[in-house]
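Here are my notes on the aromatic contacts. Please read them alongside the coordinates.

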Amino acid sequence: MLFKHGEIVMRILSKKQLKELVLYSPQHIARMEKAGNFPKRIRLGPNRVGWVEDEVLEWLQPRLEHR
């Protein structure tokens, strides 16, 4: 999470948290990212990546509306 004056500005999702929201395999998510069909990951360190929660929820919204 990123904080600004005590307020949460942005939440970063781990791979585990992303899988709970999206239910795709890590390989499929990587393919969708590469094709430009999914929000890009953020490199947080040499062995850690994350996704901006708002971007993932924005990606999910049209799918929820379309059902």
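1. Phe38 is buried, at a relative accessible area of 4%. Buried means under 20% relative accessible area, exposed over 50%, and partly exposed in between, with a 1.4 Å probe and protein chains only.

2. Basis. This is a predicted model: local features need pLDDT of at least 70, side-chain atom pairs count only at pLDDT 80 or more, and totals for chains, interfaces and linings use all residues. Residues are numbered from 1 along each chain as its sequence is written, and side-chain values use heavy atoms, with hydrogens and water left out.

3. Searching the whole structure gives two aromatic pairs. Rings of Phe, Tyr and Trp (its six-membered ring) pair if their centres lie within 6.5 Å; planes under 30 degrees apart count as stacked, over 60 as edge-to-face and the rest as tilted.

4. Tyr24 and Trp59 have ring centres 6.4 Å apart and planes at 70°, so they are edge-to-face. Tyr24 sits in the loop between α1 (15-22) and α2 (26-35), and Trp59 in helix α3 (residues 53-66), 35 residues apart. Helices are DSSP runs (H or I, at least four residues), as are strands (E, at least two), numbered from the N terminus.

5. Tyr24 is partly exposed at 31% relative accessibility. Trp59 is buried at 11%.

6. Phe38 also pairs edge-to-face with Trp59: 4.7 Å centre to centre, 70° between the planes. Phe38 lies in the loop between α2 and β4 (42-45), 21 residues from Trp59 in helix α3.

7. Ring pairs join Tyr24, Phe38 and Trp59 into a cluster. Arg63 lies over the face of Trp59, 3.8 Å from the ring centre. The criterion is NZ of Lys or CZ of Arg within 6 Å of the ring centre and within 35 degrees of the ring normal.
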